[in-house]
Amino acid sequence: MSLQAAAIAGPPIHSTVLARKASPSWRRGRWGQPLLKRTTSSVSHRRIPLHSISCRQAPDIASERNESVRAPQVSEEGVSMAEAGKIPDVRRRDWEDPMTVEWNKRHAHVPLQCHTGIEGALKFWQRRSQADFIAAEQAVWGDDAVDAARVSADSWTHGLQFVRSLAGLWKFHLASCPEVVPEHFFSLGFDDGKWGSLPVPSNWQMHGHDRPIYTNIVYPFPINPPFVPSENPTGCYRTSFTVPSEWTGRRLFLNFEAVDSAFYVWVNGVRIGYSQDSRLPSEFDITDQCRPGVENVLAVQVMRWSDGSYLEDQDHWWLSGIHRNVSIYSKPQVMIADYFVKTAVEGDFQSATIKVEVAVEGPREMIADNMLSQYTTEAVLFENFDDEGDFKMPSEAAHLQPQGLDSALIGCHAHTILKAQLQRPKLWSAEHPNLYTIVVLLKDSSGAVIDCEACRVGVRQISTRPKELLVNGEPVVIRGVNRHEHHPRLGKTNVEACMIKDVTLMKQHNINAVRNSHYPMHPRWYELCDLFGLYMVDEANLETHGFDPEPWTWPERQLTFDPKWANAYLQRMINMVERDKNHASIIFWSLGNEAGYGPNHQAMAGWTRGRDPTRLLHYEGGGARTVSTDVVCPMYTRVWDIVKIAQDPSETRPVILCEYSHAMGNSNGNFQAYWDAIDGIHGLQGGFIWDWADQGLLKQGQDGVKHWAYGGDFGDVPHDLNFCLNGLIWPDRNPHPALHEVKHAYQPIGISLKDDNIEIWNKNFFTSLDYVKFTWSLSADGAVLERGIIDVPAIEPSKKHRIKLNSGPWASRWQQTEANEVFLDITASLSEPTRWADAGHLLASEQIELPACKPAQRQLLSTSSMPALSVEESAGIIKIKPAGGEGWEIQIDKKRGLLSSWQVDGTCVLSDGPLPCFWRAPTDNDKGGSALSYLSQWKACGLDTLTQTGCEDFEMVRVSDNVFLVKAVIFIEPKGEEPPPPEISESQTGDIDKVTEESIKTQVAEMKEERAQRETLTGFKIKVQYRMFGDGNVVASYDVKPSSRISTLPRVGVQFNVDKECSKVEWYGRGPFECYPDRKSSARVGNYIKDVKDLHVPYIVPGENGGRADVRWVALKSMTKGVGILAIHGEDSPSMQMSASFYTSQELDRATHEEQLQPGEKIEVHLDHKHMGIGGDDSWTPCVHPQYLVPPQSYQFSIRFCPLTRQSSPLKICQTQLEKMS
C-alpha cells in the first residue's frame, strides 16, 4: 500500500508519494529484527558491479561523461542507450560498497575561515565570542525556525571575505530510488522549473517529503550488509552561485558540513565526487570546474540509505538530506591547509609550551621545483577579548617565531612546527573557560601575508592517575548529560540561538560536561562549549546496535570484525579528530556507541592515541573495560555495582558512567543515591545522564494544532514508539521537573548539618567562592519567619567552612520560636552576572530541619463545645449535619460504607470517597521490562480493574450529641471476581418473614466464605472508620490488608473527587514542583499555592504525574465562593503523597499523547499513605530501589478532613487538635 508523505509542519513545499512495501524477501525475528533471508531475485540487483570503482579509482573528474548513477537504460529500439552513446555506462553503486566511503574528497582538516590578516581574524573571533544567556532568548522552536536556520547558516560566514554561504532555497525533487532520478538533472541545461523548493540546510522529511522514522535498535531495513533497500528515497538538489571577481586566480573549494546519508555532487555538469558519513564535512576542490563571472550550477544527489547507514544505527530519528550548511571558499595557490594546536603544561602549571603543527599545500609544479621553501609560517597567541564595547586589539601573549617549511614534503603538503613558551598561562577548565586566540600566518618571500587562519584555543592538561581523571592536575567530577542534535521543527538542522539555549540551560543547572551522542555535532557547538565551559566527549558517528538481537547473537557478527569495513570505521574516527582537534572542551575521543568491540575499534584506538596523545579515549563497547578505553565507562550500571568496580583494587581506571538515570517521562528516581556514592567513594567520578531533550517532532493534529509526535506517528514502520522521549527537557527546552533534582545533585557547593555545624563545601576544583552570595531563611510550620545574608569567606577550591549552628544569624530567632517543625534554608547565588546566567542566579541550596526548641502546643478542640449533630437516614443514605442545618452536610452510602458527598454552603467539595486506592496511571518506567514490568505484575493481579465489590459489618454509633462514629469493612477486588450480591428486597434492619431472613443469612454466609477464599487471591480487605465531629471535622481511619499474592503496590491511599470550582490548591509539604519518594531531594518543605491545572505535568505520553511528597496538609478551595476541603495527615500517620488533577487515573492511562487527554467533570484527588517510587536507573527493567517499593502488607493510617469557608485559615486549623476518643 502506498503511503502518502507525512505533513509535519506547515504546508509541504513539494510532496512525493513513495511506495513503501514490506518486502517478501525478508522476515522479522523475535525482536522485530529482520532475519537474513532473501530470494534470488532480490539479490541479483544488489551485487556490487564488477566495474565498481574504489576511492583510488575515481574517474577523471574533468570528463563531462561522468553521469548520474543510473540503471542501464534501453531505447525504444532495444539498443542500450549507453551503447548508443547517449548515457555512459558508469554503473557505480558506491552506496553499497563499504570499501568506498569517499572519492575525490579532500582530507579532513580543521574549519578554515580564510582571513585576510591578523586584525580581521581577531574581529571575526571577537564577534563569535559574544554569545551569552541573553542570546539564548532568541531560540525558536516552531515554523519560524526554518528561516532562523538559514539566517544562522549565513551568520557563521559573516565577515569572511573569502567564504560564501550557499544556504537558501534550492530546487528539489525526490525520486523513489537512485535508478529513477531525472535524466541529466545535474546538467547545465536541465529545466528544473517544475521542481519544488527546499531549504538548505534541512532534512527533507521535515518539509513534507518522505517520512521520519524513529527506531532505537532495529534497523528500518533488512540486515544484509552492505546492501540497502531498492526503495531508497533519493533527493535531487540544484542551485547556482557566482564566484566573486576578487577570487580570480585563487583556488575554490566546496564544503558540505553534513549530508545524510550518502551523496554525489556535480558542478556545471561535471561529477566532482562522492562522500558518506552523515555527521562530518565533505569538501571538494572545484577550482577547475567553476567559471568566473557567470552562474555556476551545483547539483547534488542524496541517497537516504547507504552502506554507511549500517554504521549509523543510533537511537534517534532517521532523517535525510543536506542538514548542515553548504559553503564555498577561496584560498591562494599556496595555502594553509590544516593546523594542530597542542599545549603542554609544565608540572607546576606556571608555564606552558604552545606548539602548532602547520600543513601548507601548494601546486604540484611548485613542489617539484622546491618553490615552497620561499614561504614561512608564524603564529601569534593573543589574550582574551574585552567583550564590552567596540573591538579592541587584545594584547599579545606569545609569538611563535617564523619557520621555514620542512623540505621533507608529503604529497602536495609541506609541514612546519611552531613553538613558544607561555608564562603564567590562564588555564582552561569548565569552571574557568579561559581562551586565547591563535592566528597562524603564511608569508611569501617578501614577508607579505598571503594566508591567515585563526581559532580560539585553551591551555589545559588532561591526564590520569590511579582511579582518577585529571584536568590541570585536579580530579574533576563529571556532572554530565548526553545530547542529541534535535530540533522539533527542523530535525537535525541547527540554529545558533537554540544551541546557545542548550548550553546556557546546562550551565544554569550545574551540568559541566556533555557527551555528543552519538556522533560529531555542528562545528558551532564545539565553539560554544569552549566558550561557556563544558567538558566534552566527542564521539565518532558509529553505532551498529541493530546487530545485537537475533540472528546476530555472536559478537563476531558485528562489523568491527569484518576487514572490509575497517576503512569505514577508521575514516569516521580520523575525520572527526582532524576536524575537532583544536577544541579545548574535548577531553575524550570516543570510538562510537553500542557497536560491539573488535579489531576495527582497536585500529581506531591505536590511530587516535598516536595522532593525539593529549586526550583520553572512551568506549563502552565490549564491556566498558577494554584496553581501548582509558576510563571504565559502563551504562545503566546500578549504584552498588559501580561501587564494586571503584573498590576493585585491580582496576586502576576511574568509573564514569557514559549513560545513567534514564530520563523517560516521569523518571530520574534514585538519582541522589548515585551522587551520594560518587561524592563519597574514591574512583567514582561522575557520569552522563540519558539524555538531554525529548526527541519529539512537531506534527499537525486533526485539531489543526501542532503537537509532539514520536515513533509510529508518521506511519513509520518499524518504530520504537516513544523511546525517543527520554530527556530532562521538552523539545522546546522547557525543563522537566526532574531537572531540579539534577541541578541539586550536581550543585558545586555542598551544604549540610554535621555535628551541630553548618558545613559549606566548595566542590569546585579551580574556583574559590568569592563570586557567591549566601543567604538564609528560617521557617516554622510553613511560615517564613526571617531572612538574611550569611557572611561566608571566599572558601578555596575543595575546602570546607563550618558555621556553628547555635551562633549563626538565625540562632536567636530559632531558639525563641514556638513551632513543631523548623527549617533552615541556605542558598548560594551568583553575586555578579556571567556569560551563562544573570546575577542572582541560584547555584546551590539546601534545606536543613532543625530541632524544635519550643514545640508548639496545639489547641485542643473540646467536643462538648461543638454543635450537636443531626442524623437522618433515607433509602440507604445517611445524612449528617449540624443540628442547625447550616454550613455543611455529609452523606454516607450505607451499601458502600463510604462518603458519597460533602457539601459546604451548598457546594459539593467532596464526592465518591475517600475510597481506598491502590492503582496509578503507569509511567514509562512502570511499563519497562515486558512481562517482568511493574505494569505486567499489576495487571496480572488485576490492579488496573479494581472496584469495590462489597461492604460488611456496617455500623453507626452516636458517641455523643456532637460526635458520630461510622464503621464498615469494605472489599476492593479486580472486576470479575466479585460474588453475586445477596438478593435482599428490603433493608436488613426492617421487618421480614422468617423464610426471607434465613435466605439472607445463608447468602451472607456463602458470600463471607467465598470472600475468605478470595483473600488469598488479589483483593483488599479494608476496615474503614469515620469519626465525625460537630464542627465538621472528620477523621477517616483505614486498616488495609492486601492479598499476599500481589508482588508490589503502586500506592496505598485514598482518592476522592472535588468540585471543579475548588481548583485553588494550597499545601504544606515538598514543592513547589513535582516530586516523588525517590526524587525529592531538591524539593523544599514549605507552604505553596497553585491552581490544579498547574500541578499537571504535560509529559508527551501521559501517566502518573504532578505528585507532591511529604505533604502535611492540603486544602482545595473555590476561588469565587471561598469554600473547600482541608485534609491533614493523621496524628498517628506520616505525611502524605498528594496529587490533584482534572484528569482521572484511567484517562491518564488511556491517552497515548498529551493532547488526547479529556478533562473530567471533577477534580480527582489522591492522598497516599505510601506511594511507590518512580525509578529511573533504566526504563526497561523494574528498577525502583527496595526502600521505595510498597510491599503487600498491612497498613494503618488516618486522615483528618475539615470543611473550609471563606473565613477559614488552613494554617490555624492545623494548629488545633481533636480530643482522642476511647
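## Cavities, strands and rings

The largest cavity is lined by 29 residues, and P111, L112, N255, E257 and P523 are the ones nearest its centre. Before we go on, note that this is a predicted model, where local features need pLDDT of at least 70, side-chain atom pairs count only at pLDDT 80 or more, and totals for chains, interfaces and linings use all residues. Residues are numbered from 1 along each chain as its sequence is written, and side-chain values use heavy atoms, with hydrogens and water left out.

**Exercise 1.** Find out what volume the largest cavity has and which elements supply its lining.

Step 1: On a 1 Å grid over the protein atoms alone, a cavity is a set of points where a 1.4 Å probe fits but cannot get out, and lining residues have an atom within 4 Å of a point. A volume is the space filled by probe spheres set on the points, which are joined across faces, edges and corners.

Step 2: search the whole structure. That gives 15 cavities of 30 Å³ or more, and the largest has a volume of about 470 Å³.

Step 3: look at the elements. Helices (H or I, at least four residues) and strands (E, at least two) are DSSP runs, numbered from the N terminus. β14 (282-285), β17 (326-331), α6 (523-532) and α7 (566-580) each supply at least two lining residues, and α6 gives the most, with three.

**Exercise 2.** Describe the second largest cavity, its volume and its lining.

Step 1: its space comes to about 160 Å³.

Step 2: 13 residues line the second largest cavity, with P111, W125, C455, N582 and H583 nearest its centre.

Step 3: β24 (449-457) and α6 each supply at least two residues here. Once again α6 gives the most, with three residues.

**Exercise 3.** Work out how β28 is placed between its partner strands.

Step 1: strands pair if DSSP finds at least two bridges between them. β27 (residues 478-483) runs parallel to β28 and is joined to it by four bridges, with G480 opposite A513.

Step 2: β29 (residues 535-539) also pairs with β28 in the parallel sense, over three bridges. Here A513 stands opposite Y535.

Step 3: follow the path. β27, helix α5 (residues 496-508) and β28 make a right-handed β-α-β unit, as do β28, α6 and β29. Right-handed means that, with the strands pointing away from the viewer, the path from the first strand over the helix to the second runs clockwise.

Step 4: check the faces of β28 (residues 513-516). A513 and R515 on one side and V514 and N516 on the other are all buried (under 20% relative accessible area, with a 1.4 Å probe and protein chains only).

**Exercise 4.** Decide how the rings of F221 and Y310 are arranged.

Step 1: rings of Phe, Tyr and Trp (its six-membered ring) pair if their centres lie within 6.5 Å, and planes over 60 degrees apart count as edge-to-face. The count by this rule is 44 aromatic pairs.

Step 2: the centres of F221 and Y310 are 5.2 Å apart and the planes stand at 80 degrees, so this pair is edge-to-face.

Step 3: F221 sits in the loop between β9 (213-215) and β10 (234-242), and Y310 in the loop between β15 (295-303) and β16 (316-318), 89 residues apart. Both F221 and Y310 are buried.

How values were computed. 1 Å grid on protein atoms, 1.4 Å probe; cavity = no way out; pocket = protein on both sides within 12 Å on 5 of 7 lines; lining within 4 Å. Buried < 20%, exposed > 50% of the residue type's maximum accessible area, 1.4 Å probe, protein only. Phe/Tyr/Trp six-rings, centres within 6.5 Å; stacked < 30°, edge-to-face > 60°.
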